[in-house]
Amino acid sequence: PPNTISYSAAISACEKGKSWPMALLLLDVAMTRRLSLPTVTFSAAVSACEKGRQWEEGLQILEKAKASTDLDMITYNAAISAAEKGQQWRHSLALLNEA
């Protein structure tokens with residue numbers, strides 16, 4: 001069965017291919033399987049949402065990530081960018097303060 005590395009690589013490929021729905025699906029499956037995902041995987045999923053202009057989905061992933069791992073500035077930057085693309089400056093400022 002696929003492991004953490006497989007899911008991380010697939011989510012990263014979805015981010016690069018601007019396929020945010022597939023990135024979300026893969027993330028959900030990996031989390032359902034209780035895989036220990038690295039921060040970079042969550043960052044790629046948030047970035048996929050940002051590229052797809054799905055800021056709300058990106059912020060939901062950020063919340064899931066907080067419960068699973070320690071976040072880094074890359075993850076927060078992706079979420080801030082997603083909120084900015086959705087013209088959600090209040091969310092962007094709140095994330096900036098949180099980071």
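Q: What makes the radius of gyration of the protein chain agree with a compact globule?
A: For 99 residues, a compact globule would have a radius of gyration near 13 Å, and the protein chain has 12 Å, so the two agree. The radius is taken over C-alpha atoms, and the globule rule is 2.2 Å times the number of residues to the power 0.38. Along the principal axes, the C-alpha atoms fill a box of roughly 40 × 25 × 20 Å.

Q: What kind of model is this, and which pLDDT limits apply?
A: This is a predicted model: local features need pLDDT of at least 70, side-chain atom pairs count only at pLDDT 80 or more, and totals for chains, interfaces and linings use all residues. Residues are numbered from 1 along each chain as its sequence is written, and side-chain values use heavy atoms, with hydrogens and water left out.

Q: What share of the 99 residues is buried?
A: The share is 37%. Buried means under 20% relative accessible area, exposed over 50%, and partly exposed in between (1.4 Å probe, protein chains only).

Q: Which residues have the most contacts inside the largest nonpolar core?
A: They are Ile11, Leu27, Phe42, Ile61, Ala79 and Leu95, in a core of 26 residues. Each of α1 (4-16), α2 (20-32), α3 (39-51), α4 (55-68) and α5 (73-85) supplies at least two residues of this core. The largest share, 6 residues, comes from α3. A nonpolar core is a set of buried Ala, Val, Leu, Ile, Met, Phe, Trp, Tyr and Cys residues joined through side-chain atoms within 4.5 Å. In soluble globular proteins, nonpolar side chains tend to be buried together.

Q: Why is Leu62 called buried?
A: Its relative accessibility is 1%. The limit is under 20%, so Leu62 counts as buried. Leu62 lies in helix α4. Leaving aside neighbours within four places in sequence, Leu62 is in contact (heavy atoms within 4.5 Å) with Val46, Leu71, Thr75, Tyr76, Ala79 and Leu95.

Q: Which residues does Ala79 touch, not counting those up to four places away in sequence?
A: Ala79 touches Val46, Leu59, Leu62 and Leu95.

Q: What makes Ile80 buried?
A: At 17% relative accessibility, Ile80 falls under 20%, so it counts as buried. Ile80 sits in helix α5. Not counting residues up to four places away in sequence, Ile80 touches Ser92, Leu95 and Leu96.

Q: How do you know that Cys14 is in no disulfide?
A: A disulfide is a pair of cysteine sulfur atoms within 2.5 Å. The cysteine sulfur nearest to Cys14 is that of Cys49, 11 Å away, so by this definition there is no disulfide. The structure holds 0 disulfides. Cys14 is buried, with a relative accessible area of 10%, and Cys49 is buried too, at 0%.

Q: What makes the pair Glu50 and Ser81 a polar contact?
A: Their side chains come to 3.3 Å. A polar contact is a pair of N or O atoms within 3.5 Å; within protein, one must be able to donate a hydrogen and the other to accept it, and residues adjacent in sequence count only if both atoms are side-chain atoms. The 3.3 Å distance falls within that limit. Glu50 lies in helix α3. It is buried, with a relative accessible area of 9%.

Q: Why is Arg53 called exposed?
A: Its relative accessibility is 56%, and exposed means over 50%, so Arg53 counts as exposed. Arg53 is in the loop between α3 and α4. It has a positive phi of about 55° although it is not a glycine.

Q: Is Gln87 buried or exposed?
A: Gln87 is exposed, because its relative accessible area of 70% is over 50%. Its place is the loop between α5 and α6 (89-98). Gln87 has a positive phi of about 60° and is not a glycine.

Terms used
Helix = DSSP H or I, 4+ residues; strand = E, 2+ residues; numbered from the N terminus.
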